[in-house]
Amino acid sequence: RTHKLVLIGNKIKPRYIYPLRRMSGAQGRETFVKKMGAAFPDDFTVYGKGWEGFMGNRGPFPFQKQLEIYRDTWITVAYEHYPEIPYYFSNRLPIALLAGSLYVCHYHQGYDVIFSGCDFIFFFENSREAIDIVIFLQSLSRDDLLARSQRAREFALRNYHPHVIWRSFLRNVLTTGHLTNV
C-alpha cells in the first residue's frame, strides 16, 4: 500500500456570512487535519475539496474512487460531521473497512456498542489521542496490520454490504409494516 495515513473529506466552508455558520463538525475537521499534518508531515495525505495550500493535499476526486484510495491505505483517519448525533457515521467508514483500511475517528455515542471488540477501528476524543493511536498502529508489524485489515473487511461484508442492509430493511418493513428500527 502506498498511503500510510489518509483522510478523505472536504473542507466545508459556509456559503454565506463565513464566520457565523458552519456545518456541524466542520471547524473540528479543519483543526484535526492541521494537527495530523503537523504530527505526520511525511505520511499524512488528505483528499477532498478546499485543502489548497495544505502540504498533504491531493485534491478532489470522484466519489467512486474512494474504495481505490482506501485499498491503497494502511490507516484511514476521519473527523465526521455531526459529532453530537449518536451512532452517526458517513459512508466513508464502511467503504474504508470494506477496503481493509484500519479506521481512526472521533468518538460518537454508540460507537462502543456498534464496534465492540473490533481491533481495526479506534476512537479519539481529541487530536492528541488520535495522534497516539496512529503512532501505536504504525508500531505494529506488517502481519498484525494485515490480519486487522482482513478482520475490517470481513466485518464490513457481514454488516454493511448493500445486500445485508437491504435484506434487514425489507425484513423490518415486511414484519412490522413500518420503518422503525431499521
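**Working chat: cysteines, a helix and some strands**

Student: Cys 118, buried or exposed?
Tutor: Cys 118 counts as buried, at 16% relative accessibility. Buried is under 20% relative accessible area, exposed is over 50%, and partly exposed lies in between, with a 1.4 Å probe and protein chains only. This is a predicted model, where local features need pLDDT of at least 70 and side-chain atom pairs count only at pLDDT 80 or more, while totals for chains, interfaces and linings use all residues. Residues are numbered from 1 along each chain as its sequence is written, and side-chain values use heavy atoms, leaving out hydrogens and water.

Student: And what's the relative accessibility of Cys 105?
Tutor: 0%, so Cys 105 is buried too.

Student: How many disulfides does the count come to?
Tutor: The count is 0, taking a disulfide as a pair of cysteine sulfur atoms within 2.5 Å.

Student: OK, on to helix H5. Which residues in H5 are buried?
Tutor: Ser 127, Ala 130, Ile 131, Ile 133, Val 134 and Leu 137. They sit on the same side of H5, because they cover an arc of only 160° around the axis. That arc is taken from the directions from the helix axis to the C-beta atoms. Helices here are DSSP runs of H or I with at least four residues, strands are E runs of at least two, and both are numbered from the N terminus.

Student: What do the buried residues of H5 pack against?
Tutor: Their partners include strand E1 (3-8), helix H1 (26-39) and helix H6 (142-159), with contact meaning heavy atoms within 4.5 Å.

Student: What's going on at the start of H5?
Tutor: A side-chain oxygen of Asn 126 comes within 3.1 Å of the backbone nitrogen of Arg 128. A polar contact is a pair of N or O atoms within 3.5 Å; within protein, one must be able to donate a hydrogen and the other to accept it, and residues adjacent in sequence count only if both atoms are side-chain atoms.

Student: Switching to Ser 149: where is its place?
Tutor: Ser 149 is in helix H6. Its relative accessible area is 6%, so Ser 149 is buried. The side chains of Ser 149 and Arg 1 make a 2.9 Å polar contact.

Student: Last one: which residues cover the faces of strand E2?
Tutor: In E2 (residues 44-47), Phe 44 and Val 46 are buried on one side, and Thr 45 and Tyr 47 are buried on the other. E1 and E2 run parallel, joined by 4 bridges; strands pair if DSSP finds at least two bridges between them. Phe 44 in E2 stands opposite Leu 5.
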